Amino acid sequence: MMSSVPSFFRYHVFFCTNQRAQGETCCQNHRAKDMQLYMKQRIKSLGLNGEGQVRVNSAGCMGRCDAGPVVVVYPDAVWYTFVDQEDIDEIITTHLQQGQIVQRLRLEVQP
C-alpha cells in the first residue's frame, strides 16, 4: 500500500501543445503553446509558481484533440478547453487561486 505523500506542487497544469500534420485536428491549431506560455507568465507574475504552488507545463498529445484545445489540472484531474486569454485568466482565478472548478470550460471525461 502506497503512503499518502503530499504533492510537490499544489497544482500541476498540462497544456496539450501537440502539432499534427496539416489539416488534422490538434490543440496547437488553437494557439495552445501561446496560451501555455501566457498562463506560465501570469502564474509567475502573481507569485503562484514554485514548490507547493503551481507548475505549468506543455505536453504532447493527450488523446483529446477533438475536444481541443485542452488543458488538465492535477491532482484534481479536471480537463478544460479554452478560447482565449480571458478563459485562461478565469482558470487561474477560479481554479488555481480559489480552488473551484470553472464549469463552463470543463470537459467531461469519457470512459
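Phe14 stands opposite Asn57 in strand 2, where strands are DSSP runs of E of at least two residues and helices are DSSP runs of H or I of at least four, both numbered from the N terminus. The structure is a predicted model, in which local features need pLDDT of at least 70 and side-chain atom pairs count only at pLDDT 80 or more, while totals for chains, interfaces and linings use all residues. Residues are numbered from 1 along each chain as its sequence is written, and side-chain values use heavy atoms, with hydrogens and water left out.

Strand 1 (residues 11-16) is paired with strand 2 (residues 54-59) in the parallel sense, over six bridges; two strands count as paired if DSSP finds at least two bridges between them. Strand 1 is also joined to strand 3 (residues 70-74), by four bridges, and these two strands run antiparallel. In strand 3, Val71 is the residue opposite Phe15.

The axes of helix 1 (residues 32-45) and helix 2 (residues 85-97) come within 10 Å of each other and cross at roughly 45 degrees. Helix 1 is therefore oblique to helix 2. Here axes are lines fitted to C-alpha atoms, for helices over the stretch in contact, and angles run from 0 to 180 degrees between N-to-C directions; angles under 35 degrees count as roughly parallel, over 145 as roughly antiparallel, 65 to 115 as roughly perpendicular and the rest as oblique. The crossing is right-handed, that is, the near helix is turned clockwise from the far one by less than a right angle.

On the side of helix 1, the contact (heavy atoms within 4.5 Å) involves Met35, Tyr38, Met39, Arg42 and Ile43, which meet Gln85, Ile88, Asp89, Ile91, Ile92 and Leu96 of helix 2. Eight of these residues are nonpolar, one is polar and two are charged; Ala, Val, Leu, Ile, Met, Phe, Trp, Tyr, Cys and Pro count as nonpolar, Asp, Glu, Lys and Arg as charged, and the others, Gly among them, as polar.

Leu37 also lies in helix 1 and is partly exposed, with a relative accessible area of 44%; buried means under 20%, exposed over 50% and partly exposed in between (1.4 Å probe, protein chains only). Leu37 and Ser58 are 21 residues apart in sequence, and their C-alpha atoms are 8.7 Å apart in space.

The loop between strand 3 and strand 4 (78-81) contains Pro75, and the peptide bond from Tyr74 to Pro75 is cis, with omega near 15 degrees. Ala77 is placed in the loop between strand 3 and strand 4 as well. Phi of Ala77 is near 55 degrees, a positive value in a residue other than glycine, and Ala77 is partly exposed at 33% relative accessibility.
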